[in-house]
Amino acid sequence: MSDTMVQQLFTQGFLFDFQTILDYGQSILSVAQELLKPLLENRPLNTKTVQAQMNRHFHGTAAEGTWQWKDAYEAVEVAQILYLRQKGYKLLLESPQTVLLELEKLVALCPTQTRRSEESVQLQQFSTPLPLAYLVAKSGFIQADDLILEPSDGTGLLAQMAKLHSASLMLNELAPDREKILRRLFPGTPLFSVNAEQINDYLVGKTQPSVVLMNPPFCASPKINSRNPDATKSHINSALQRLADGGRLVTITANWFSPANPSWRETFVRWHSEARVLMSVGVNGKVYSKPSYFG
């Protein structure tokens, strides 16, 4: 829809909600396509460029309330996904060390996410950094005939990593705006919008995934304002029940959620009757920040 048409709808007095007129998912994708250009040229993506493209495609500024910086960060992440679609297949042919280095360089070209919305804090919407997403997907030993479930998909970074292995996808994302982005990014892919703590119940009768890749909220649940330390356990438990026999589940958790922690040992013992931990690796929290040597 052109800028002129948007203006006419307002001047003629129609009572339209701006978000009804604006296709949020397509607008984010359009911004991301512009942000992709400097990334492909290995040029830093500065905040002014992001802001200008957001103003253009959302027909207004953040100061006017047309968009939030959370939306801009989503667009940056989608630009990273588009980058992977162009260069990721070839990149995966390199050694793991080379892949990680290239992904770190890509992330370093992007602005740091310094402003959080109320929703992102409450629901702990902290996206998986690309290097970590690569390691999670690699740990799943994904094959082309696998069906991957990502229960808390966010903007699709983990899903795209799985897609680079030519696997099929089943996606779930509770946040409405992120769901709109995913529908644009992964058209035709089964996409649900339910609380992933009960993903097994909601997907009864659906094809069971052979691999689950997860980065669930560590201690946050929808409609619960206080900290919920059982959230991680609930997410993993439901995903394990949905997983096909012989399947693999790879999840990112807080370091306190471990079989070595007496508070959670009973949980892991109970899971051991149906599943077993093959590998547990500690990850430095600095992976969620931009590498300092790329500035």
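**Note on the sheet, helices and surface of a predicted model**

1. Glu 150 stands opposite Leu 171 in β2. Those two residues belong to the pairing of β1 (residues 147-150) with β2 (residues 168-172), which is parallel and runs over four bridges. Two strands are taken to pair if DSSP finds at least two bridges between them. Strands (E, at least two residues) and helices (H or I, at least four residues) are DSSP runs, numbered from the N terminus.

2. The model is predicted, so local features need pLDDT of at least 70 and side-chain atom pairs count only at pLDDT 80 or more, while totals for chains, interfaces and linings use all residues. Residues are numbered from 1 along each chain as its sequence is written, and side-chain values use heavy atoms, with hydrogens and water left out.

3. The protein chain contains 13 helices and five strands. Of its 295 residues, 47% are buried. Buried stands for under 20% relative accessible area, exposed for over 50%, and partly exposed for the range in between (1.4 Å probe, protein chains only). Contacts are heavy atoms within 4.5 Å. Of the contacts between residues at least 6 apart in sequence, 66% join residues at least 24 apart.

4. The five strands make an open sheet with parallel pairing, in the order β3-β2-β1-β4-β5. Its edges are β3 (191-192) and β5 (248-251), each of which pairs on one side only.

5. What joins β1 to β4? Two bridges in the parallel sense do. Within that pairing, Leu 149 stands opposite Val 212 in β4.

6. Which way do the side chains of β4 (residues 211-214) point? Val 211 and Leu 213 point one way, Val 212 and Met 214 point the other way, and all are buried. In a regular strand, side chains alternate between the two faces of the sheet.

7. Helix α5 (residues 69-91) is kinked by about 50 degrees, with the kink centred on Arg 85. The bend at a residue is the angle between axes fitted to the seven residues ending there and the seven starting there. As for cover, 18 of the 23 residues in α5 are buried, and the helix is mostly covered.

8. There are 11 salt bridges in the structure. A salt bridge is counted when a side-chain nitrogen of Lys or Arg lies within 4 Å of a carboxyl oxygen of Asp or Glu. In the pair Asp 177 and Lys 180, the N to O distance is 3.9 Å. These two residues are three apart in helix α10 (residues 176-185), so about one helical turn separates them. Both are partly exposed: Asp 177 has a relative accessible area of 26%, and Lys 180 has 37%.

9. Glu 34 is partly exposed at 22% relative accessible area, as is Lys 37 at 46%.

10. Arg 270 and Glu 266 form a salt bridge at 3.7 Å, N to O. Both lie in helix α13, four residues apart, or about one turn of the helix. With a relative accessible area of 44%, Arg 270 is partly exposed, whereas Glu 266 reaches 59% and counts as exposed. Elsewhere, salt bridges with shared partners join Glu 34, Lys 37 and Arg 56 into one network.

11. The protein chain exposes about 15400 Å², and carbon and sulfur atoms supply 51% of that area. Accessible areas come from the Shrake-Rupley method with a 1.4 Å probe; for residues, only the protein chains shown count as cover.

12. Which residues make the nonpolar surface patch of about 450 Å²? Leu 278, Met 279, Val 281 and Val 283 do. Patches are made of residues with over 30% relative accessible area and no salt bridge; like charges are joined within 9 Å and nonpolar side chains (Val, Leu, Ile, Met, Phe, Trp, Tyr) within 5 Å. Val 283 lies in the segment after α13 (262-271). Its relative accessibility is 48%, so Val 283 counts as partly exposed.
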